Amino acid sequence: MSKFTVLDHPLIQHKLTIIRDKNTGTKEFRQIANEIAGLMVYEITRDLPLRDVEIETPMGKTIQKELAGKKLAIVPILRAGLGMVDGVLELIPAAKVGHVGMYRDETTLKPHEYFVKMPPDIDQRDLIIVDPMLATGGSANMAIEALKKRGATSIRLVVLVAAPEGVQAVQAEHPDVDIYAAAEDEYLTDSGYIFPGLGDAGDRLFGTK
């Protein structure tokens, strides 16, 4: 079974409350969603492997640490996942960025894939899928499957708000993918939205309705 972790750092929780507020405007929502993503990535990359490297400081030669192992790639689920990419790249500017396009049928609530563009070496990278919401889990499962079909073997899912139903759906279908959320909310509404949630993340990020 994959690991599900709620990152309850006070700064993350404080900023999440701001973007939950229906009175928070597009500009502030976009800025703070990226800030939360950056804080979350800081937490989830604690286990990245390090290796020794010799450098020379102004005082002389020394052995210090640098990142080792696989390189990283950030994969937003379009379009709302774009609202988390810049926050991640602030901390990991060398990461490549792939994209997975999904839209949800408003009647069936089922996701449909319409676009996938990945770095050619995703089999050699640690992939971090980002999407503000983990609701039914349908889009996340389809995105993970799209990456695995293209050779990905190391995938993490990072969301702002998760519903229990979505967490269970991803764990059932992809037990090798760890999930990180800023909050686990109460339940899904009949229309497939997370309660209390933060509304439609895509609309709030891009000012659309």
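Residues are numbered from 1 along each chain as its sequence is written. In this predicted model, local features need pLDDT of at least 70 and side-chain atom pairs count only at pLDDT 80 or more, while totals for chains, interfaces and linings use all residues.

**Stop 1: helix α2**

Select residues 26-44. This is helix α2, with 19 residues; helices are DSSP runs of H or I of at least four residues, strands are runs of E of at least two, and both are numbered from the N terminus. From first C-alpha to last, α2 reaches 27 Å, close to the 27 Å expected at 1.5 Å a residue (1.5 Å times one less than the number of residues).

Now colour the buried residues of α2, among them F29, I32, A33, I36 and M40. Buried means under 20% relative accessible area, exposed over 50%, and partly exposed in between (1.4 Å probe, protein chains only). The elements covering the buried residues of α2 include α1 (10-20), α3 (82-91) and β8 (125-134).

**Stop 2: R79**

UniProt, in an unreviewed entry, places a "binding site" at residues including R79, P132 and D200; such annotations may be inferred rather than shown by experiment. Select R79, in the loop between β4 (71-78) and α3. R79 counts as partly exposed because its relative accessibility is 34%. Beyond four places in sequence, R79 touches D200, G202, D203, F206 and T208, where contact means heavy atoms within 4.5 Å.

**Stop 3: P132**

Move to P132 in strand β8. Is P132 buried or exposed? P132 is buried, because its relative accessible area is 3%. Apart from neighbours within four places in sequence, its contacts include A80, M84, V161 and L205.

Terms used. Heavy atoms only, no water.
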